[in-house]
Amino acid sequence: MKKISLFIALLFFFTSCGTVPLTGRRQMLLISDTELITASLTQYDTYIKSTTLSTDKAKTATVERVGKKISEATETYLRQNGFESELANFQWEFKLVKENQVNAFCMPGGKIVVFEGLLPLIASDDELAVVIGHEVAHAVAKHSNERMSQEVLTQYGAAIVDAALSTRTSAIQSLGNTVFGLGAQLGVMLPYSRQHEYEADYIGMIFMTLAGYNPESTITFWQKMSGGGSGGGSDFLSTHPSDDKRIAELQRRMPEMSKFKK
């Protein structure tokens, strides 16, 4: 029985997989983009209606400006590198929420939320671009779909995945409540895997560089966030783990950014 379940799991992987732009990593995607985005938008809309948006016009405009530059650079890259079909999945939106948490998150489809509590730790547009580029990368790399697909296998088992997804609406909505968690916990999704975080760091650094921001800011930002003091122990770190290995990986990748600079 275990061999049969393993065979079915492998079959689903090789017949329901995608490729992450820029890294080429193969990933299991059991849920269609349309279904996932529809489910996530429902939760996002509910969240936005229930929260308080920032009343600081200048800071809100900064988040929107940086987000717009990065999303435009991202779409240009996708269009020019054979991923134009992916553009239909994104309706970018960048919101600043009046909340003291040191946090930010992205929903599938490009809905990105930054909390005011994060801004005192950001010294420049370049450092804000690190955060937004990272979240945009999660969306482009379809990490939420991959994570939810893993939840499908975990909760339903490989042998009945097809049966579970035959009742997609209820299954996806139920899993969405677990994966996104916007109802139970204010804007705190289940943590991404370390692999997803490293991938979002790398892709996000490319996107911010393409948008004209300084990629060196990724190093100073994560050093600040991981160095204790004002950034240590924040909610942002609870879902975006920062450590010496992460910073070392960013430093290792930094020479590649020269080919993405304007």
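This briefing describes the fold of one protein chain and then some of the contacts between its side chains.

The structure is a predicted model, and the values given for it are computed from that model. Its chain holds 262 residues, of which 53% are buried, and its secondary structure comes to 11 helices and 5 strands.

**The chain as a whole**

- Among the contacts that join residues at least 6 apart in sequence, 71% are between residues at least 24 apart.
- The accessible surface of the chain comes to about 11900 Å², and carbon and sulfur atoms account for 53% of that surface.

- Strand β4, which covers residues 104-107, pairs in the antiparallel sense with strand β5, which covers residues 111-115, and the pairing runs over 4 bridges.
- The two strands form a hairpin with 3 residues between them, and in the turn G109 has a positive phi of about 95°.

**Aromatic rings**

- A search of the whole structure finds 5 aromatic pairs, and one of them is formed by Y47 and F105, whose ring centres are 5.6 Å apart.
- The planes of the Y47 and F105 rings stand at 70°, and because planes over 60 degrees apart count as edge-to-face, this pair is edge-to-face.
- This pair links distant parts of the chain, with Y47 in helix α2 (residues 33-50) and F105 in strand β4, 58 residues apart.
- Y47 and F105 are both buried, and together with F115 they form one aromatic cluster.

- N145 lies in helix α5, which covers residues 143-156, and N145 counts as buried because its relative accessibility is 1%, where buried means under 20%.
- Leaving aside residues up to four places away in sequence, N145 touches L29, L30, I31, S32, D33 and L36.

- Side chains of opposite charge can pair when their charged atoms come close, and a search of the whole structure finds 15 salt bridges.
- In one of these salt bridges the side chains of R65 and D125 meet at 2.6 Å, taken from N to O.
- R65 lies in helix α3 (residues 57-80) and D125 lies in helix α4 (residues 125-140), so this pair ties together parts that are 60 residues apart in sequence.
- Both partners are partly exposed, R65 with a relative accessible area of 39% and D125 with a relative accessible area of 29%.
- E72 forms a salt bridge with K68, and their closest N and O atoms are 2.6 Å apart; both residues lie in helix α3, 4 residues apart, which is about one turn of the helix.
- E72 is partly exposed, with a relative accessible area of 42%, and K68 is also partly exposed, with a relative accessible area of 48%.

- R246 forms a salt bridge with D201, in which the closest N and O atoms are 2.4 Å apart.
- This pair links distant parts of the chain, with R246 in helix α11 (residues 244-253) and D201 in helix α8 (residues 194-210), 45 residues apart.
- R246 counts as buried at 0% relative accessibility, and D201 is buried with a relative accessible area of 6%.
- The charged end of R246 also sits over the ring of W222, 4.0 Å from the centre of that ring, so that R246 takes part both in a contact with a ring and in a salt bridge, because a salt bridge is a side-chain nitrogen of Lys or Arg within 4 Å of a carboxyl oxygen of Asp or Glu.
- R253 lies over the face of Y202, at 3.8 Å from the ring centre, and R253 also belongs to a network of salt bridges that links E249, R252, R253 and E256.

Definitions and conventions:
Residues are numbered from 1 along each chain as its sequence is written. This is a predicted model: local features need pLDDT of at least 70, side-chain atom pairs count only at pLDDT 80 or more; totals for chains, interfaces and linings use all residues. Side-chain values use heavy atoms; hydrogens and water are left out. Buried means under 20% relative accessible area, exposed over 50%, partly exposed in between (1.4 Å probe, protein chains only). Contact means heavy atoms within 4.5 Å. Accessible areas come from the Shrake-Rupley method with a 1.4 Å probe; for residues, only the protein chains shown count as cover. Two strands pair if DSSP finds at least two bridges between them. Rings of Phe, Tyr and Trp (its six-membered ring) pair if their centres lie within 6.5 Å; planes under 30 degrees apart count as stacked, over 60 as edge-to-face and the rest as tilted. A charge sits over a ring if NZ of Lys or CZ of Arg is within 6 Å of the ring centre and within 35 degrees of the ring normal.
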